[in-house]
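Dear colleague,

Please find below the structure that I am handing over to you. My notes on helix packing, aromatic rings and backbone geometry follow it.

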Amino acid sequence: MTATKSNFEYQIGGSLESSAPSYVKRHADTEFYEGLKWGQFCYVLNSRQMGKSSLRVQMMQRLQAEGIICVFIDLTGMGTQDVTPEKWYAGIVQSLVSSCQLHSKIQWRSWWRERRDLLSPVQCLSKFIEEVLLVEVKQNIVIFIDEIDRVLSQNFSLDDFFALIRFFFQQREVNYEYRRLTFALLGVANPNELIQDKTQTPFNIGKAIELQGFQTDEVQPLIDGLKERVSNPEAVLMQILEWTGGQPFLTQKLCQFIVLESTAQRFLSVDQVVKLHIVENWESQDEPEHLRTIRDRILYRNEKRTGRLLELYQQILRQGEISADGSAEQIELRLSGLVVEQQGKLKVYNRIYEAVFNYSWVDRNLAQLRPYAEAIAAWSASACQDESYLLRAQALQDTLAWALGKSLGDLDYQFLAASQELAKRQAQMSLQAIAQANKLLAQARQKVKSEVLQQRIGQSWILWIAICVTAPILLLRFGGLLQGGEWNMLDQFFRWRLLLESPEKRIAIVTIDEKDIKKAGKWPIPDRVLAKAIANIKAQKPRAIGLDIYRDLPVEPGHQDLVNIFQSTPNLYGIEKVVGSKINTIAPPPTLNPERVGFADQVVDADGKVRRALLLVLSQDETRYSLAMKLAQHYLQSEGITIELVDNDPQRQRMHWGKAVLERFVSNDGGYVHTDSGGYQILLNFRGNQQNFATFPLRDILEKRIPPDSLRDRLVLIGITAESIKDVFYTPYSSGLFSSSQPMTGVSVHANIISQIISATVDGRPLLRVWQKPIEWLWILVWAGLGALVSRQLKSSIAIAASIIFAGAGLLGIGFLAFCLGWWLPIIPSLLVLLGSAVALELVTYKQLEQLQFHRTLALLLEMCQNHPLAGAIAIEYLKQSESQDNQAFIEQQLREKQSATSTIEAVE
């Protein structure tokens, strides 16, 4: 007996052997044994370290002693890493084969491989039990599955596994063999959580075995271990049970500590042992782990429920017990082992748990868990009355986002609900204040706007705006950026005037077109053909003949005939090319008197159009005249009109010629900027295109098919109009808004220059002239002032736009009328300053009035703040947000000044 006592050991953790002297047989042993013996499906689902494994060892021994085959499957050994459903179910089959010693009867791996491609893993397990296990094993079979809660940790669903167990149970009604098969499930789980798919029938079969702590009438084995160790073992064990509540692990552990203290000759009381070895520094002394397991299950297993579990436990600590309602949180708290259900009440399992997991522990963890721990503690301390501790604004939003999906305690929900209610009230008050602020701001703005709209900007601004807008436009003009626009406007005036021009009767053009070249047989036309044409023209006694064809080389046959015509026709003029490099010049006909030779060169603008007439050039110290100048001189001399130099101005070189005064073009005349003005050039005032002149084809001249006096007393020009020869120039008539570019033949350009000189000299037709630059600048400035004046006088933007359009149309009309009278006015710059000054003054006016409206609105709102402090402050803030940074700074300055003045008044009072 003494030897037995000396070898007595208390079991702390793990499973007790079937023969262990410290095993305590409880009521659950009998209930579990009877249920399995009679084929009942049973499950022992309780908190950890309640003796489930030891109970299973005892049951297996007793059942095996009665001839029942017991299979033990520990799901912990199945693992969770790299485990697939097939491997998991195959592991179950392997355990069945091993426990039932079926290796000699079946090659289970081959059996499994033959079916895995056709059946799912759960079907394979079902077939194995039906076709192999129940066939090869004739005895009753009990399958113990421990750590059943491990199925919830797998990466795949095992709902089918529990559905299969329920299937086996239901098969008992139709297949007798299944009555020999029984399952016993052990673990830490809620039966309702075993099948997670809520669309399936829950796991509701079998008998629940309630595994309670050690009762006083069950602990005799433990008392035996204390004999000869303590003086009164029964009393000591009763004290131990008072601390542990019969919790198996703690009871065994505390008994062991008593034995160790006795062995060391330290006779401490049970209270001292509990404090020394368990409660104090419990986290470091908790070996084997028990208290930390409880802590981790509450705090870390499901963090969404942690707050709710802590508050529920806090409620139990405060009240001592609460009613059990079977909620998920209560079940989870029971499975942790921290509380126990007794007579429909939940209470703390034992005094050790109450000492370790005390108020401080709960408050500390709640504080770490809650982002609002200090606030809720203070609010709770005020009997939930002090609203200053409630959450507001972003803190409330952040907390609500944090609480989403979590199961919190009742106090938390009350705190959050109170915070939301306060936020709602404040929001309603804010909305009312905001509505009133909007109303005040709208009233202030409306009142100020009606006053400000009566204001006009000062008249001095008109001149300033006009100057400020004109200056950059003139700079653009000096830089040549407006040159193209002014040319295009001049071209448009030419096209508009075309319908007003009468035909030129003093000039006729003999055209050489494609038909004439084809009839002549080649190009250049043979001298004989040309000689015959000149002779036929000469027969009609024209005033003069101008040959606009280069004839520096003979073109046989008939060269001598042409020479004879040249020599016998004193009023015949030929052409040469003198402008350009020596290589590009073309000599006149060699047999023609030099006095009867004019150059055919034309001056082309940068856009490729002819708008100027070159009348003479100085070449090799000799003055050369253009063909047009020669023919015009010949015509006018026959009329008794000669040319005279008006003054000695070297720049303008004005020449008086009949009724006209020719004025030399200079480089910046009109819309031109830094243009080459070499030679004596004038602005070309076109008569029109070829249709404005009488024209006769060469073939009609050769065949004498024109009326006898068609050319009498006219200037006759002979020139190329055939497209293949390309003797063409682009002019203002070459393009339009709705027509493609059509160049003008060179002979038509000569005709226009001759017509301009003769009609100006004889008829007084205006030449094209420009103003002096100061007058142009003044003209542009006047239009800028007009635009600013219109913008100042009119209040409506639509009225201003309509007036500017009307003024612009008037400007175009004035410009066209002046053009018809021979003046080229700066229309494009004037249009730009007209529009620019109107827009600029409108912008300045808007800015000035806006600033005035801002200052008056702010002053009015500051007055309103006296009667409506909150709404007025919000209105001022709205005004501030809508203003620029400078205005915002001004508002802040005014508010500071007002606050300072208020403080001074209060100090005086």
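In helix H4, Glu-86, Tyr-89, Ala-90, Val-93, Gln-94 and Val-97 meet Trp-108, Trp-112 and Arg-116 of helix H5, where contact means heavy atoms within 4.5 Å. By class, this contact of H4 with H5 comprises six nonpolar residues, one polar and two charged; Ala, Val, Leu, Ile, Met, Phe, Trp, Tyr, Cys and Pro count as nonpolar, Asp, Glu, Lys and Arg as charged, and the others, Gly among them, as polar.

Please note that this is a predicted model, in which local features need pLDDT of at least 70 and side-chain atom pairs count only at pLDDT 80 or more, while totals for chains, interfaces and linings use all residues. Residues are numbered from 1 along each chain as its sequence is written, and side-chain values use heavy atoms, with hydrogens and water left out.

Helix packing

H4 (residues 85-99) and H5 (residues 108-116) pack at an angle of about 145°, their axes being 11 Å apart. Axes are lines fitted to C-alpha atoms, for helices over the stretch in contact, and angles run from 0 to 180 degrees between N-to-C directions. Helices (H or I, at least four residues) and strands (E, at least two) are DSSP runs, numbered from the N terminus. H4 passes H5 in a right-handed crossing; a crossing is right-handed if the near helix is turned clockwise from the far one by less than a right angle, and left-handed if anticlockwise.

For helix H2 (residues 27-37) and helix H3 (residues 52-65), the packing angle is about 45° and the axes are 10 Å apart. H2 is therefore oblique to H3, given that angles under 35 degrees count as roughly parallel, over 145 as roughly antiparallel, 65 to 115 as roughly perpendicular and the rest as oblique. The crossing of H2 past H3 is right-handed. Asp-29, Phe-32, Tyr-33, Leu-36 and Lys-37 of H2 meet Leu-55, Met-59, Arg-62 and Leu-63 of H3. That contact has six nonpolar, no polar and three charged residues.

Helix H30 (residues 797-820) and helix H31 (residues 827-864) cross at roughly 165°, and their axes come within 10 Å. H30 is therefore roughly antiparallel to H31. H30 also passes H31 in a right-handed crossing. Among the H30 residues that meet H31 are Ile-800, Ile-804 and Leu-811, and their partners in H31 include Leu-831, Leu-834 and Glu-842. The contact of H30 with H31 divides into 10 nonpolar, four polar and one charged residue.

Aromatic rings

A search of the whole structure finds 31 aromatic pairs, a pair being rings of Phe, Tyr and Trp (its six-membered ring) whose centres lie within 6.5 Å. Ring pairs join Phe-493, Phe-494, Trp-496, Phe-686, Tyr-733, Phe-816 and Phe-819 in a cluster.

The charged end of Arg-62 sits over the ring of Tyr-33, 3.9 Å from its centre; this requires NZ of Lys or CZ of Arg within 6 Å of the ring centre and within 35 degrees of the ring normal. Arg-351 lies over the face of Trp-243, at 3.8 Å from the ring centre.

Backbone geometry

Most residues other than glycine have a negative phi, and most peptide bonds are trans. The peptide bond from Glu-287 to Pro-288 is cis, with omega near -10°, and Pro-288 lies in the loop between helix H12 (282-285) and helix H13 (291-299). The bond from Trp-523 to Pro-524 is cis, with omega near 0°; Pro-524 is in the loop between helix H23 (514-520) and helix H24 (527-539). Gln-49, a residue other than glycine, has a positive phi, near 60°, and is found in the loop between strand S1 (42-45) and H3.

With kind regards

Conventions. Rings of Phe, Tyr and Trp (its six-membered ring) pair if their centres lie within 6.5 Å; planes under 30 degrees apart count as stacked, over 60 as edge-to-face and the rest as tilted.
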